[in-house]
Amino acid sequence: MDWTLVVYALAGLGGLGVLMGVILAIASVKLAVEVDPREERIRNVLPGANCGACGYAGCDGYAAAVARGEASLNSCTVGGPDVTAQIGEIMGQEVSTEEPPVAVLICRGGKVNAADRFEYSGTYNCRQAALLLGGPKACIYGCIGMGHCVGVCPVNAITMAADDLPDIDGYKCVGCGACVRECPKNVLKLIPRPKLVYLACASHDRGKAVKQVCKVGCIGCGLCAKNCPTGALTMIDNLPVMDFEKCIDCGICVHKCPTRSFVDRAKGRPKAVINPKCDGCQACIKACPFKAIEGEAGIQHRVLSAKCIGCGECRKVCPVGAIDTVGALGHAARAA
Amino acid sequence: MKLGPAQIFIGAFLINNVLLFRFLGLCPFFGVSTAVSTAVGMSAAVMFVMLLASWVTWILFNAVLAPLGIVFLRTAVFILVIASLVQFVEMFLKKYVRVLYSSMGIFLPLITTNCAILGVTFLNIDYQFNLLQSTVFAVGSGLGFGLVIILFAAIRERLEYAPVSDSFKGYPIAFVAASLVSLAFYGFTGLFGVSL
């Protein structure tokens with residue numbers, strides 16, 4: 001038997017294997033690419049859901065973009081303020097832990113309040129129904145109410161309420177905007193999380209037309225805009241458009257609206273209370289948008305708590321500081 | 001018959017196409033031919049590696065394996081060399097040619113031991129090509145691979161919207177389409193009197 005062949009084979013293949021191994025080993029050291037160590041640390045604090053809500057392809061992409069300084073530090077809506085703070089620590093930057101927005105439904109025309117134009121018997125899905133003459137709702141702007149958004153919400157914050165309108169749990173909502181993008185009628189909207197008041201109607205029709213199709217639709221009367229103390233509401237195309245920068249969440253629009261088209265997210269509102277410092281100047285009586293204060297000149301005034309909504313307008317005008325808004329913790333500070 | 005570079009190129013590119021005639025590299029052919037953009041990236045990587053692998057294996061075979069009389073080890077040796085080569089090239093690109101790496105980076109490791117690559121290097125040896133002929137053959141095969149996979153990706157993009165019956169949706173109709181494309185390529189047989 002010719003053993004030289006075996007030796008050659010072993011030496012050839014073995015030698016080649018060793019050679020390749022050595023080359024690769026050297027190459028891995030010489031050609032090592034310095035990856036920003038922060039990138040890996042950021043990746044570790046991210047939730048790893050790869051939801052894409054930050055606008056990058058997964059958590060890896062976002063971590064790399066942050067490390068390169070291209071992405072803002074608070075784009076991870078799933079991780080929230082905790083993750084933002086940790087990323088800020090890694091990057092050595094001060095971060096604004098601004099809360100993510102919250103999704104709200106800007107339609108209150110459930111099956112009780114808003115009529116249907118025709119009987120729809122197709123697939124029970126908003127997007128499919130919207131293709132057929134814009135859906136069965138008589139109001140073409142309104143929520144179709146078949147719950148497409150329920151399925152697209154990644155955090156299960158949306159459930160269908162009894163009147164066939166989606167009910168969004170503000171605590172669960174992370175403000176990713178998936179439902180907003182998927183809604184075929186554009187009746188879901190992201191608003192700043194601390195905001196309490198928003199208009200829940202999307203109809204640009206005139207008052208009469210709205211009245212015919214929906215009991216709670218905005219008729220475009222403009223009362224809210226007239227009564228807004230900060231000028232945050234402007235009537236555009238038969239709907240009041242809210243400037244969230246100016247709005248102080250006083251709630252006057254909510255109570256002035258004849259159709260109750262505004263939604264107040266506040267769990268409770270304070271009441272105004274007048275203390276004995278009051279010198280009876282009647283300034284507050286004139287300022288109150290709801291005629292909730294009465295009293296003679298020179299005598300301490302009285303608040304009709306049934307009418308008071310706690311907007312704080314009276315407090316602003318009182319020259320002697322005799323008015324407090326009490327109850328509903330947190331609102332007293334806000335009104336100041 | 002002595003083959004000139006042009007004949008080898010046409011033979012590898014159209015007539016004996018690596019995908020449709022030799023049925024090598026069918027895995028990426030069906031795997032990444034769902035969209036034209038990924039098909040382009042894949043075929044670029046295949047062309048690149050095919051050429052490099054042809055050179056390295058040709059030199060290795062003629063300088064080491066043949067003189068030592070251990071040509072029977074070529075399968076093992078070629079796989080080893082091609083795998084290491086691709087690994088090395090990937091590191092090199094990552095370090096120095098970042099643009100190229102990000103455009104075909106993911107596809108490189110996928111084709112390390114692709115049978116189209118290995119097949120072409122074997123054919124270079126079997127046809128007893130010299131280095132120039134091997135180069136032409138590898139370039140022709142690589143371009144042929146690219147042509148067919150991009151062509152086929154375009155067909156599959158249209159198939160997505162075609163009214164295909166449920167039982168044929170997806171891979172079954174893709175295979176039927178592939179066989180039709182293959183038949184069409186048989187029309188090139190004997191083109192310019194080339195038979196390889």
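The legends below describe close-up views of a predicted two-chain model.

Residues are numbered from 1 along each chain as its sequence is written, and chains are lettered from A, with ligands numbered from 1, in the order in which they are written. Since the model is predicted, local features need pLDDT of at least 70 and side-chain atom pairs count only at pLDDT 80 or more, whereas totals for chains, interfaces and linings use all residues.

**View 1. The two chains and their contact.** Chain A has 13 helices and twelve strands, while chain B has nine helices and zero strands; here helices (H or I, at least four residues) and strands (E, at least two) are DSSP runs, numbered from the N terminus. Between the chains, 14 residues of chain A are in contact with 16 residues of chain B, a contact being a pair of residues whose C-beta atoms, placed from the backbone, lie within 7 Å. On the side of chain A that touches chain B there are eleven nonpolar, three polar and no charged residues; Ala, Val, Leu, Ile, Met, Phe, Trp, Tyr, Cys and Pro count as nonpolar, Asp, Glu, Lys and Arg as charged, and the others, Gly among them, as polar. Within chain A, 57% of the contacts with a separation of 6 or more join residues 24 or more positions apart, and in chain B the share joining residues at least 24 apart is 79% of the contacts between residues at least 6 apart in sequence.

**View 2. The largest nonpolar core.** This core has 79 residues, of which A:L105, A:I106, A:L199 and A:C253 touch the most other members; a nonpolar core is a set of buried Ala, Val, Leu, Ile, Met, Phe, Trp, Tyr and Cys residues joined through C-beta atoms within 7 Å. Helix α3 (residues 58–67) of chain A gives the most to this core, contributing six residues. Apart from neighbours within four places in sequence, A:I106 is in contact with A:V187, A:K189, A:Y198, A:L199, A:A200, A:C201 and A:A202. A second, separate core of 51 residues includes B:V81, B:V120, B:F145 and B:A178.

**View 3. Helices α2 and α3 of chain A.** Helix α2 (residues 37–45) of chain A packs against α3(A) at an angle of about 135°, with the axes 8 Å apart; axes are lines fitted to C-alpha atoms, for helices over the stretch in contact, and angles run from 0 to 180 degrees between N-to-C directions. That angle makes α2(A) oblique to α3(A), given that angles under 35 degrees count as roughly parallel, over 145 as roughly antiparallel, 65 to 115 as roughly perpendicular and the rest as oblique. On the α2(A) side the contact is made by A:R38, A:E39, A:I42 and A:R43, and on the α3(A) side by A:C59, A:D60, A:A63, A:A64, A:V66 and A:A67. By class, these residues are six nonpolar, no polar and four charged.

**View 4. The enclosed helix α1 of chain B.** Eight of the eleven residues of helix α1 (residues 5–15) of chain B are buried, so this helix is largely enclosed by the rest of the structure. The buried residues are B:Q7, B:I8, B:F9, B:G11, B:A12, B:F13, B:L14 and B:I15, and what covers them includes α8 (131–159) of chain B.

**View 5. Helices α8 and α9 of chain B.** The axes of α8(B) and helix α9 (residues 171–186) of chain B come within 11 Å and cross at roughly 140°, and the two helices are therefore oblique to each other. In this contact B:F152, B:I155, B:R156 and B:L159 of α8(B) meet B:I173, B:A174, B:A177, B:A178 and B:V181 of α9(B), a set that divides into eight nonpolar, no polar and one charged.

**View 6. The loop residue A:K277.** A:K277 lies in the loop between β9 (271–274) and α11 (283–287) of chain A, and A:K277 is exposed, with 11 other C-beta atoms within 10 Å. Leaving aside neighbours within four places in sequence, A:K277 is in contact with A:V320, A:G321 and A:A322.

How values were computed: A residue is buried if 20 or more other C-beta atoms lie within 10 Å of its own, exposed if 12 or fewer, and partly exposed in between; C-beta atoms are placed from the backbone.
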